[in-house]
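Try each task yourself before you read the solution under it.

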Amino acid sequence: MKNDRVQTGILADHFSLLTSRRGFLKFFGVAGLAFASRGDLYAKGKPGNSVRFTKHVRERTRKLSVEQGRWQWIVGHHSAIKNGNAAIYDRAHRERGMENGLAYHFVIGNGIDSGDGEIEMGPRWLKQLQGGHVHREEINEVGIGICLVGNFEETKPTRNQLMAFRELMDYLRSEVVGKKIRFAVHREIDPGRTACPGRYFPTEQMHRLYGPFVPTNLA
Ligand SMILES: [Zn+2]
């Protein structure tokens, strides 16, 4: 009897441990689900509604007059180097002879030389000038360039960078340039000339969100 009770006691202890472990798992499982579904909701989205990363972009862009039909493409890039920000790349591009400086319209930081997910607007966006981010001039003329800081042949973009990129894309498409704008990554525009934005940039996922790349759209 005594042994039984001891055993029962041990079992009871195991049981309570199990239930509390279950409770633990359940709690985190649910929390995880809530987190996942929030991420999912964000992915499917109410496009353009989130303002976590784009508040200042919206405020500034509201004051610009963005000519309807001016922009036909949005092109995704990586900087191919883990350091840098808009000012640093602007200097580098001027030194390379680009009189309008920073070749991209937007730069999204990785937490090293600007905030993690921080969106910087370049002079070409603020002045609504053509980009200098691809080799094909006809695409530069009508293509918005968005560069994520990092070398995505070697590392992944940060979670914040991707969230900022998506928020910026959703905002531009739903409120600024229209949803007909075509999305490409750099290597699709200049095949064989670059790996940009690198193998770890989620190119396929972005095409699922923003439409396929159709090469015949070029020209
Ligand atoms: Zn590029």
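**Exercise 1. Find which residues of helix H6 are buried.**

Go along H6 (residues 159-176) and you get Gln-161, Ala-164, Phe-165, Arg-166, Glu-167, Leu-168, Met-169, Asp-170, Tyr-171, Leu-172, Arg-173 and Val-176. Helices here are DSSP runs of H or I with at least four residues, strands are E runs of at least two, and both are numbered from the N terminus.

Next, look for the cover. It includes helix H2 (55-62), E1, E2, E3, E4 and helix H8 (203-210).

Now check the length. H6 has 18 residues and spans 24 Å from first to last C-alpha, close to the expected 26 Å, which is 1.5 Å times one less than the number of residues. After H6 comes Gly-178, with a positive phi near 90°.

Before going on, a word on the source: this is a predicted model, where local features need pLDDT of at least 70, side-chain atom pairs count only at pLDDT 80 or more, and totals for chains, interfaces and linings use all residues. Residues are numbered from 1 along each chain as its sequence is written.

**Exercise 2. Work out the strand order of the open sheet.**

Call two strands paired if DSSP finds at least two bridges between them. At the edges sit E3 (116-121) and E5 (182-185), each pairing on one side only. Ignoring direction, neighbouring strands are turned by 20° against each other on average, using axes fitted to C-alpha atoms.

Zoom in on one pair: E2 (residues 106-110) and E3 run antiparallel over four bridges. Phe-106 has Met-121 in E3 as its bridge partner. H6 packs on this sheet, touching E1 (73-78), E2, E3 and E4 (143-148), and its direction makes about 40° with that of E3; such angles run from 0 to 180 degrees between N-to-C directions, with helix axes fitted over the stretch in contact.

**Exercise 3. Which residues have the most contacts inside the largest nonpolar core?**

A nonpolar core is a set of buried Ala, Val, Leu, Ile, Met, Phe, Trp, Tyr and Cys residues joined through C-beta atoms within 7 Å. The largest has 39 residues, and the best connected inside it are Ile-74, Phe-106, Val-107, Ile-108, Ile-146 and Leu-168. Two or more residues come from each of E1, helix H3 (86-95), E2, E4, H6 and E5. H6 gives the most, with seven.

**Exercise 4. Is Ser-79 buried or exposed?**

First place Ser-79: it's in the loop between E1 and H3. Then count: Ser-79 is buried because 24 other C-beta atoms lie within 10 Å. Leaving out residues up to four places away in sequence, Ser-79 touches Gly-84, Tyr-89, Cys-147, Val-149 and Gly-150, where a contact means C-beta atoms, placed from the backbone, within 7 Å. Finally, Ser-79 and Leu-148 are 69 residues apart along the chain, yet their C-alpha atoms are separated by 6.2 Å.

**Exercise 5. What is the average pLDDT of the protein?**

pLDDT is the predictor's confidence in each residue, from 0 to 100. The protein averages 84, and 76% of the residues score at least 70. Over residues 1-45, though, pLDDT is below 50.

How values were computed: Two residues are in contact if their C-beta atoms, placed from the backbone, lie within 7 Å. A residue is buried if 20 or more other C-beta atoms lie within 10 Å of its own, exposed if 12 or fewer, and partly exposed in between; C-beta atoms are placed from the backbone.
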